[in-house]
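Dear colleague,

Please find the structure below, followed by some notes on what turned up in it.

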Amino acid sequence: MLDAIERRISTDPLAAGGVADLGEVIRRADLDGGRPAHLLRLGLMVDAVGRHLSDGTVSVYAVADRSVLSDTDLTANERMVIRRWSDDGKVEVLRTGGPSAALRAREVAALTGLPLLSRNVSGYPGLSYTPAPTSSGAALIPQMIGPGPVAPAPVLGRHWRCPEPGCPSFGPPGSRIADPFAPPQEEDAEPAGPPPPQLMGGAPTCPRHGAPLADLGPRPRAVTVAARVDGVVWHRFRVDEASPVPVGRAPEETDGVGLGLALDERGLRWVSRSHIRLELRGHQLQVTDTSTNGTTVLRRGGPAEQPRRTQLGRGESAPLGEWDTVELYQGVELGRADRAHGPVSGAQTSSVMADAPTQSIRLT
Ligand SMILES: [Zn+2]
């Protein structure tokens, strides 16, 4: 089960659907009624995020205080696993003496726009959810709805390098030693994108080592978009500032996203080969219609709002807000992968706790 969880944790903000303080998560005894600290509770959180976003591949970005590595409420094996996850860059373990994991989780959420997942979100102005136990496992209860970042974070538009050799967060590519005990990576695993630097007095700093980061030059910012079919994520892909992404039935471009396999016969006739083009300008997604039959933009101020529909004709463009989606065909919508209205009823999202004896697992 820890292997299943390991595949769904990442310090790549583009692979994540929320940010959490690992020390808080493993102590959420109210989620399962078990012993004071348990690492499997991270799996309950991963499942809650997956269900909320109806996304069976989305990860959780976990930040941990260094004290977690010596927490004697965990087993020796659990502490060893967390240490390995940290060395592999899957969990961000902070240096001693710097800002706490709770503060760092807020910073990551604020810089990236990812939802903050915490029981204590007071004073945090962005999108946040509080995990709560329900009869069908942990669920995310919305606390604040927004707003997302109002301006693109300048630090996300640069390449950063930590002076510490082998830094799992800001080291040179390929500097991580391959882990012989790690589960095999799924073939379609997204390449690792960098975590956001920690800002200390405005200076980009490594959250693991406290060292000021060297600026290696510009890097295009990126956002993850999800194509949803009847609300359930069918495909995730990245759109970055440098390269617009054509989406349609079967775009000719090599970097295009083809949704033909998600369409029924009518949909295949309706959706153009290349139906829309998505671009990222700063932090703002923009859609341009390139189709024969046109595109609908569904505008929402928040997850619970009924959408206002506007039509785009061929050649027309529109900015996409945080909660807006683009409809190519009935039931086929695209929008930010880290924003969703909540679980789709009846949808089966793969669970990392599938091997657990029962849903209401008693962690003893
Ligand atoms: Zn470092």
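**The zinc site**

The site of the zinc ion is tetrahedral, with angles of 106 to 115° among its four donor atoms (donors are N, O and S atoms within 2.8 Å of the metal, or 3.2 Å for Na, K and Ca, with water not among the atoms; four donors count as tetrahedral if all angles lie between 85 and 135 degrees). The protein donors are Cys162 (SG), Cys167 (SG), Cys206 (SG) and His209 (ND1), which lie 2.1 to 2.3 Å from the zinc ion, and their spacing in sequence is C-x4-C-x38-C-x2-H. Because Cys162 sits in the loop between strands E7 (158-161) and E8 (198-200), and His209 in the loop between strands E9 (203-205) and E10 (214-218), the pair ties together parts that are 47 residues apart in sequence (strands, E, of at least two residues, and helices, H or I, of at least four, are DSSP runs numbered from the N terminus). Cys162 is buried at 4% relative accessible area, whereas His209, at 31%, is partly exposed (buried is under 20%, exposed over 50%, partly exposed in between, with a 1.4 Å probe and protein chains only).

This is a predicted model, in which local features need pLDDT of at least 70 and side-chain atom pairs count only at pLDDT 80 or more, while totals for chains, interfaces and linings use all residues. Residues are numbered from 1 along each chain as its sequence is written, and side-chain values use heavy atoms, with hydrogens and water left out.

In the largest nonpolar core, of 39 residues, Leu22, Trp85 and Val91 touch the most other members (a core is a set of buried Ala, Val, Leu, Ile, Met, Phe, Trp, Tyr and Cys residues joined through side-chain atoms within 4.5 Å).

Best regards

Terms used
Four donors count as tetrahedral if all angles lie between 85 and 135 degrees; four count as square planar and six as octahedral if opposite donors are over 155 degrees apart and all others between 65 and 115; anything else is irregular.
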